[in-house]
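Subject: The structure I promised you

Hi,

Have a look at it first, then read on for what turned up.

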Number of protein chains: 4
Amino acid sequence: MTELPTKTEDKHKRILQAAIKVFAKNGFYNSKVSEIAQEAGVADGTIYLYFKNKDDILISLFEEEMEKIIQNMKQEIGKEEDLLKKLKMFAVVQLNSKKENPDLAAIMEVELRQSSKFMKEYVNMKFIEYLKIVSSIIKEGQKKGIIKKEVDPTIVSRAFWGALDEVARFWVLSPRKKVSLSTSAELISDIFIKGMVEAVNRKS
Amino acid sequence: MTELPTKTEDKHKRILQAAIKVFAKNGFYNSKVSEIAQEAGVADGTIYLYFKNKDDILISLFEEEMEKIIQNMKQEIGKEEDLLKKLKMFAVVQLNSKKENPDLAAIMEVELRQSSKFMKEYVNMKFIEYLKIVSSIIKEGQKKGIIKKEVDPTIVSRAFWGALDEVARFWVLSPRKKVSLSTSAELISDIFIKGMVEAVNRKS
Amino acid sequence: MTELPTKTEDKHKRILQAAIKVFAKNGFYNSKVSEIAQEAGVADGTIYLYFKNKDDILISLFEEEMEKIIQNMKQEIGKEEDLLKKLKMFAVVQLNSKKENPDLAAIMEVELRQSSKFMKEYVNMKFIEYLKIVSSIIKEGQKKGIIKKEVDPTIVSRAFWGALDEVARFWVLSPRKKVSLSTSAELISDIFIKGMVEAVNRKS
Amino acid sequence: MTELPTKTEDKHKRILQAAIKVFAKNGFYNSKVSEIAQEAGVADGTIYLYFKNKDDILISLFEEEMEKIIQNMKQEIGKEEDLLKKLKMFAVVQLNSKKENPDLAAIMEVELRQSSKFMKEYVNMKFIEYLKIVSSIIKEGQKKGIIKKEVDPTIVSRAFWGALDEVARFWVLSPRKKVSLSTSAELISDIFIKGMVEAVNRKS
DNA sequence: CATGAATGAGTCTTCATTCAT
DNA sequence: TATGAATGAAGACTCATTCAT
């Protein structure tokens, strides 16, 4: 049903996959284009048929992967009806994606925060779109009277993401994973949910 | 009583201050040693009388600044008796430090997450020490029955820090600061506190 | 009677014409084979079906164009009987060719003087043939007692050509052409003619 | 009396001298910066302490050498009183400079005609200054009634220079120098002088 | 201690050329 | 023949580090 990837698409993908691996291992600045080429099984020059330059590899990587992540998240969240469960689901999916694609996660972690000119613009756009998934849940919760009005959705969506990101980072770094990722996801989302809900609701 | 800084100490400091400025502006890998030297008003070679190499500048920067940050935080927190207020204070101090020393904060943000070999070891040690300030508050809270036992202090201290760090990052990036840092600090800490406290306590 | 150009001849020509345009614009070393291909409307690889390599394009260009130029010059000169008028005609034709085919002229100007190994040999042969048109006129003039015997035909043919070439170059570069090319041609040839004729002749 | 060159001046000169040698041998585009460095006895990187980039070496070379050539020519010409002898002297000096500094001459020959953006501007300025030496002699000759008014000084100065340049080029290329440079100089200048002088003067 | 000129290893990038289709 | 994707050698340039002064 799905078309077979053409040779060209294939090579594009292969280079990007190689880049993810290499960037994750060495960081962007310590990665050599030639290493990516080798990892991808192409000649150095071939890279430049698919990407403008080294920077462009990183940018493309974000463009394409962030889009996938956002779409995937929206789909997973969509399955839930309950707003609070949506938040919990968000936490679970985000943490799991780290487990399933740790190389990509490692890159995002660092490069998202790099202040390099070129990143700032594009990445932020996509990142903001991602965060909007959370903030719109919160806003809806506020409309429905479930979540306190004093909560600033923008701030809290940032905080929620930051908390999850850091917990995931810790999990990846920890040699022995004492606490499971899903337990952590539940813990964090419970705290945020409980912290945000209307006190009145809870009395009943 | 405190000795006046010798010329040497002075130059060491000047280089470090210059490095903070330069690293914050360009990121570590796009910063040139010669630019740090110029900013510090010393010759390129002089840098190497005080630091082993470029990496060492960054490491020293962490060593010295993290220590200050930790000591400062401990002192500020110490003024508070109430455990929950301690947490709030933690948030306030962390966010304020971003405002007061944005260059240093910008560096920490990124470099803390760089996977460079040399960082991992040292930085993590200091960072863990910093996080322990939070986790020990939580542990004490649990001992006193204020905070739920199900909460894993290690995980939550990470999450708390991650949330604050991200909110601070957002604040720095936002052109017009709609929400004040202290409001954000309160918002985040309230959520975490409310989210962690024993339900029983709240009924009364 | 003349055969229509086959597809092959056509493509060969198109590539050469494209090369003239591209070399003239960028100079040989700053021209890319791919740009010539594009200009010619063929694939990069096609170039190599007609030419051994990039150098060979330039060489072929000289071979073919120089031959045309020489034949054309001989024909034009042949119309004149008077030796001195032949010289004047040479000047006119040479300068006009610059006007009519400035791209080719621009290439000749520079590449004729490039010391690249491969050029030296072939180009010089053709170039010498071209100069012989002038030197044989001079020799004949000397035989007939019109031109001074002290004049070295080889040297003067060079000088004559060099003078014309530089004047043409100036004309091309000048934004507003104050002096017409034909006036210049006359001026230069007059000087050379007057400068070379036997003084005795002029007394009568 | 003359100050000893400082180390820095020395290295600057050495690189330029090396560049003249290397450019003359291979042409600009076939010359490697590393070859210049080696020839100059410095490290590759050192080149970039004295010149912005490879282009800048060529530009500097023109700037400095053209200036010397112009000054030298003016001085030599200045020794002569007679206008026509000045022209002859110009020819002699120009041709001799080719003999004395053939490498530099070879570079000028080609690069002066290269259309590279950067050259056009600067070089032309200096080159025009050089040609003005000739054209002002001609103008003065016209004022004094020695040289025909119909002669366009700008055009003829170009032609004169072009003639000399080509003769010199021929001389350098010729394996056995049948005709001496000074003879050629005299021949060319005689032709131009005779070709430009007022006919009336010659009758007496 | 301080300097800053010099070093040269290291890398991105280009582009002529090839070759499977 | 024609294509154009792929190759990989080559070279300009940078910059951390050294060391003679």
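Predicted model: local features only at pLDDT ≥ 70, side-chain atom pairs only at ≥ 80, totals over all residues.

A quick definition to start: accessible areas here come from the Shrake-Rupley method with a 1.4 Å probe, and for residues only the protein chains shown count as cover. With that in hand, chain A exposes about 10,200 Å², and carbon and sulfur atoms supply 53% of that area.

Residues are numbered from 1 along each chain as its sequence is written, chains are lettered from A and ligands numbered from 1 in the order in which they are written, and side-chain values use heavy atoms, with hydrogens and water left out.

**Chain A overall**

Chain A has 10 helices and 0 strands. Helices (H or I, at least four residues) and strands (E, at least two) are DSSP runs, numbered from the N terminus. Reading along the sequence, you get α-α-α-α-α-α-α-α-α-α.

How much of chain A counts as buried? Of its 204 residues, 51% do. Buried means under 20% relative accessible area, exposed means over 50%, and partly exposed is in between (1.4 Å probe, protein chains only).

Contacts (heavy atoms within 4.5 Å) tell you about the fold too. Take those in chain A between residues at least 6 apart in sequence: 72% of them join residues at least 24 apart.

**Salt bridges**

Side chains of opposite charge can pair when their charged atoms come close. The cut-off used here: a salt bridge is a side-chain nitrogen of Lys or Arg within 4 Å of a carboxyl oxygen of Asp or Glu. Searching the whole structure gives 62 of them over all chains.

- A:Lys144 pairs with A:Glu140, with their closest N and O atoms 3.6 Å apart. A:Lys144 is exposed at 56% relative accessible area, and A:Glu140 is partly exposed at 36%.
- C:Lys25 and C:Glu35 meet at 3.1 Å, N to O. This pair links distant parts of the chain, with C:Lys25 in helix α1 (residues 7-26) and C:Glu35 in helix α2 (residues 33-40) of chain C, 10 residues apart. C:Lys25 is exposed at 58%, whereas C:Glu35 is partly exposed at 21%.
- D:Asp190 and D:Lys88 meet at 3.0 Å, N to O. D:Asp190 lies in helix α9 (residues 181-196) and D:Lys88 in helix α5 (residues 83-100) of chain D, so the pair ties together parts that are 102 residues apart in sequence. Both count as partly exposed, D:Asp190 at 33% and D:Lys88 at 26%.

Some salt bridges share partners, and that joins A:Lys98, A:Glu109, A:Arg113, A:Arg158, A:Asp165, B:Glu166 and B:Arg169 into one network.

**A few single residues**

Is D:Glu109 buried or exposed? D:Glu109 is buried, with a relative accessible area of 9%. You'll find D:Glu109 in helix α6 (residues 102-111) of chain D. Leaving out residues up to four places away in sequence, D:Glu109 touches C:Arg113, D:Lys98, D:Asp165 and D:Arg169.

Next, B:Ser135, which sits in helix α7 (residues 117-143) of chain B. B:Ser135 is buried at 7% relative accessibility. Setting aside neighbours within four places in sequence, B:Ser135 is in contact with B:Pro153 and B:Ser157. The C-alpha atoms of B:Ser135 and B:Phe160 are 9.7 Å apart, though 25 residues separate the two along the chain.

Finally, C:Glu64 is in helix α4 (residues 54-78) of chain C and is partly exposed at 32%. Not counting residues up to four places away in sequence, C:Glu64 touches C:His12 and C:Leu16. C:Glu64 and C:Leu16 are 48 residues apart in sequence, yet 9.5 Å apart in space, C-alpha to C-alpha.

Happy exploring!
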